[in-house]
Structure formats: structure tokens, C-alpha cells
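Please read it with the model open.

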Amino acid sequence: MRVDLHNHTTRCNHATGTVDEFVQRAIELGIDIYGFSEHAPLNFDQHYRLKFEELDEYKRDILRAKERYKGEIEIVFGLEVDYLPKYEDERVFDFKVDYRIGSVHYLDNWGFDNPEFIKEYEHRDIDVIWEEYFGAIESMVKSGKFDVVGHFDLIKVFKFMPKKEISLLASKALKAIKKANMVLEINSAGLRKPITEQYPSLSLLQQAYELDIAITFGSDAHSVEQVGFGYDEVCAMAKGVGYKEVAIFRDRDREFVGF
């Protein structure tokens with residue numbers, strides 16, 4: 001089965017295309033299970049995400065599409081939640097979804113993957129940045145609030161690479177993922193970013209496989225053209241590592257399908 005669980009809508013204010021256009025493109029590509037996981041509301045940097053008052057409308061949009069395209073594709077419904085504990089709102093975690101993707105896009109208040117703030121890299125120690133990033137991933141995993149780890153090594157997006165061994169920097173976070181029985185997303189968006197590599201890297205995915213960490217797929221589409229982007233490439237990579245199954249979610253219950 002072809003699975004793509006990480007996709008956005010215009011309600012995040014930085015995506016284009018209608019829900020119908022996204023779904024129709026997924027059908028064209030032969031995707032069997034397609035997930036919308038909009039950026040969840042947060043009491044911080046609110047321009048780049050849903051508003052709290054839009055949560056119900058967003059859910060209605062997706063559930064209507066689920067019914068409209070029943071028989072052609074299965075649509076599942078999630079949220080991508082930024083891990084920033086001091087800005088959290090329990091309304092997000094009380095909201096019923098099929099799954100939650102936990103992501104780290106900020107170190108303190110710095111949006112490290114936003115091109116607007118790339119200059120900040122010049123003022124920080126790159127090894128410290130990477131250590132802080134994977135420390136935040138580890139804390140997110142240990143919070144127990146999420147089902148999927150989004151774009152695991154996103155910190156590499158602009159090709160500012162550490163001097164320390166990445167496998168060592170990421171090791172504790174990967175072990176935490178295994179202990180929490182969470183799923184690691186293979187996110188193809190990195191292929192269209194400066195790093196030109198999926199998240200996670202092949203070497204980190206091999207580490208995950210050795211730890212018996214489950215995977216799922218996400219194209220992180222913010223436009224219709226990005227739906228299913230790089231799917232065949234990341235699928236082939238996962239198979240090459242040894243994976244045979246991918247996780248899907250319904251009502252936060254996980255099951256596995258072959259891919």
C-alpha cells in the first residue's frame with residue numbers, strides 16, 4: 001500500500017491548493033491512505049498555523065473529503081504539533097484525531113528551519129545547536145503525547161552540519177523513540193530543501209532499523225505539486241534498509257501494512 005500521512009492545507013497560511021485538489025492528486029498517484037496533519041494551534045508564532053477557533057472547521061473539511069472520496073482513497077486526520085512546552089495548550093491534546101505528529105521547529109524562540117532566520121546560525125556553535133535539537137526531540141518523545149516523530153533530523157535543512165558524529169548526537173533520541181514505541185516518519189520534504197536529502201538520513205534510518213523502530217511515510221506537502229513527492233525514492237530506501245511494513249493510524253490505534 002502507498003501511505004502518505006504528513007500533508008497540509010491552506011489553513012496553515014503557508015500552503016496553497018484546496019483539500020479536493022490534494023486528494024485528487026493523491027488518487028492520481030495511487031496513494032491508498034492519505035493523511036492531513038495541519039500545523040496545530042499554539043500560543044506562539046501564530047501566523048504559521050491553525051487558529052484555535054479553526055480546529056473544528058478544519059476537522060469538518062477533512063471528514064467531508066473522507067466521505068466524498070470514500071471508495072477511491074482512505075483519508076485520515078491528524079495534527080502536526082510543535083513541541084514547545086511553555087506555549088502548549090491542552091485543547092490541542094484533547095482534540096480527537098487519528099494521530100499526532102510531534103515536531104521540533106524551534107530552539108527556544110528561534111525558528112531554525114525558517115529561511116528568514118538563517119543568519120542566527122552565524123552566532124551559535126553548530127555542535128551545541130545539534131545537541132539542543134536532539135535533546136528537544138528526546139524530551140518531546142518522553143512527553144508521551146505523540147504518535148509519530150516528524151522529520152527527525154530537520155536541523156540539517158540548511159546544510160550546517162556538526163563536527164561531532166551525528167549517530168552519537170541522535171542516539172539517545174532514537175533510543176527514547178524505541179522505548180516510547182513511537183513511529184519514525186520518513187519525510188521526503190528534505191529532498192526539495194537545500195540539504196537535498198530525506199529526513200532521516202540513510203545512516204540514521206539504519207540505526208532506527210537496528211533498534212526495531214517502526215516507520216511511516218510523509219511528503220509534507222504544502223502544495224498540490226508536492227503531494228507524494230519523492231515517494232518512490234524513500235520507499236526504495238526503506239526497503240533497502242530492510243523495512244517491509246509501514247504504520248498507519250485510525251483513532252490513534254496503530255496498525256501495519258506492507259508497502
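This is a predicted model: local features need pLDDT of at least 70, side-chain atom pairs count only at pLDDT 80 or more; totals for chains, interfaces and linings use all residues.

1. **α4 against α5.** Start with helix α4, residues 126–142. Its axis lies 9 Å from that of α5, at an angle of about 5°. Angles under 35 degrees count as roughly parallel. The two helices, α4 and α5, are therefore roughly parallel to each other.

2. **Who meets whom in that pair.** From α4 come W130, E131, F134, I137, E138, V141 and K142. They meet I166, L169, A170, K172, A173, A176, I177 and A180 of α5. Sorted by class, the contact of α4 with α5 has 11 nonpolar and 4 charged residues, and no polar ones.

3. **α5 against α6.** Now move along to α5 (residues 166–180) and α6 (residues 202–210). Here the packing angle is about 40°, and the axes are 11 Å apart. That makes α5 and α6 oblique to each other. The crossing, as α5 passes α6, is right-handed.

4. **Residues at that crossing.** α5 contributes I166, S167, A170, S171 and L174. Facing them in α6 are L204, Q207 and A208. The contact of α5 with α6 holds 5 nonpolar and 3 polar residues, with no charged ones.

5. **The buried face of α6.** Which residues of α6 are buried? They are L204, L205, Q207 and A208. Viewed down the axis of α6, these buried residues fall within an arc of 155°, so they line one face of the helix. The cover over the buried residues includes α5, β8 (183–187), β9 (214–218) and α7 (231–241).

6. **After α6.** D212 follows α6. Check its backbone: the phi of D212 is positive, near 60°.

7. **S223 in its loop.** Between β9 and α7 runs a loop, and S223 lies in it. Is S223 buried or exposed? Its relative accessibility is 10%. Buried means under 20%, so S223 counts as buried. What does S223 touch, leaving out residues up to four places away in sequence? The partners are T16 and F22.

Terms used: Residues are numbered from 1 along each chain as its sequence is written. Side-chain values use heavy atoms; hydrogens and water are left out. Axes are lines fitted to C-alpha atoms, for helices over the stretch in contact, and angles run from 0 to 180 degrees between N-to-C directions. Helices (H or I, at least four residues) and strands (E, at least two) are DSSP runs, numbered from the N terminus. Angles under 35 degrees count as roughly parallel, over 145 as roughly antiparallel, 65 to 115 as roughly perpendicular and the rest as oblique. A crossing is left-handed if the near helix is turned anticlockwise from the far one by less than a right angle, and right-handed if clockwise. Contact means heavy atoms within 4.5 Å. Ala, Val, Leu, Ile, Met, Phe, Trp, Tyr, Cys and Pro count as nonpolar, Asp, Glu, Lys and Arg as charged, and the others, Gly among them, as polar. Buried means under 20% relative accessible area, exposed over 50%, partly exposed in between (1.4 Å probe, protein chains only). The arc is that of the directions from the helix axis to the C-beta atoms.
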